[in-house]
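Please look through the sequence and the structure shown here before reading on.

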Amino acid sequence: QVQLVESGGGLVQPGGSLRLSCAASGIMFRFATMAWYRQAPGKQRDVVAMIASGGSTNYADSVKGRFTISRDNPKNTVYLEMNSLKPEDTAVYYCNQYGTSWWGQGAQVTVSS
């Protein structure tokens with residue numbers, strides 16, 4: 001049974017930081033490409049960042065230089081460090097094993113003063 005459990009969301013002021021975590025179980029985590037997606041109200045779910053099993057990363061242009069994806073294979077956990085947050089980063093953030101239909105429950109991130 002695959003489980004992806006996100007945590008770390010919340011309310012933050014513009015310019016602030018948050019760190020999301022996603023604990024995975026039921027998958028061969030160390031071989032998996034993991035991704036973070038986000039979905040704002042009324043918009044489609046878009047990929048934010050990806051990290052391959054070997055550690056190479058890719059980012060959406062909108063978050064380059066502000067967000068960092070990382071992974072801890074022994075802990076089966078992928079992280080998303082978000083800095084210099086903007087109101088347009090407000091969304092529900094989802095963890096995903098890239099290319100699969102396995103999703104976590106999502107973590108709400110709200111950037112507002």
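In what order do the 4 strands of the open sheet stand, and is their pairing parallel or antiparallel? In this predicted model, the order is 1-3-8-7, and the strands pair in the antiparallel sense. Strand 1, which covers residues 3-7, and strand 7 stand at the edges with a single partner strand each, so that one side of each of them is left without a neighbour in the sheet. From one strand to the next, the twist averages 15 degrees. In general, the strands of a sheet are paired through backbone hydrogen bonds. Within this sheet, strand 3 and strand 8 are joined in the antiparallel sense over 6 bridges, and Cys 22 is found opposite Val 78 of strand 8.

The sheet belongs to a chain whose secondary structure consists of 10 strands and 0 helices, so that reading along the sequence gives the pattern β-β-β-β-β-β-β-β-β-β. The C-alpha trace spans about 40 × 25 × 20 Å along its principal axes, and the radius of gyration of the chain, 13 Å, agrees with the value near 13 Å that a compact globule of 113 residues would have. Of the contacts between residues at least 6 apart in sequence, 52% join residues that are at least 24 apart. The accessible surface comes to about 5900 Å², and carbon and sulfur atoms account for 47% of this surface.

What lies inside? Buried residues make up 40% of the 113 residues in the chain, and the largest nonpolar core holds 27 residues, among which Met 34, Trp 36, Val 78, Leu 80, Met 82 and Tyr 93 touch the most other members. At least two residues of this core are supplied by each of several strands, including strand 4 (34-39), strand 8 (77-82) and strand 9 (91-97), while the largest share, 4 residues, comes from strand 3.

Leaving aside residues up to four places away in sequence, Gly 104 touches Leu 4, Glu 6, Tyr 94 and Cys 95. The C-alpha atom of Gly 104 is also separated by 9.3 Å from that of Ala 23, although the two residues are 81 residues apart along the chain.

Key
Residues are numbered from 1 along each chain as its sequence is written. This is a predicted model: local features need pLDDT of at least 70, side-chain atom pairs count only at pLDDT 80 or more; totals for chains, interfaces and linings use all residues. Side-chain values use heavy atoms; hydrogens and water are left out. A nonpolar core is a set of buried Ala, Val, Leu, Ile, Met, Phe, Trp, Tyr and Cys residues joined through side-chain atoms within 4.5 Å. Buried means under 20% relative accessible area, exposed over 50%, partly exposed in between (1.4 Å probe, protein chains only). Contact means heavy atoms within 4.5 Å. Two strands pair if DSSP finds at least two bridges between them. Axes are lines fitted to C-alpha atoms, for helices over the stretch in contact, and angles run from 0 to 180 degrees between N-to-C directions. The radius of gyration is taken over C-alpha atoms; the globule rule is 2.2 Å times the number of residues to the power 0.38. Accessible areas come from the Shrake-Rupley method with a 1.4 Å probe; for residues, only the protein chains shown count as cover.
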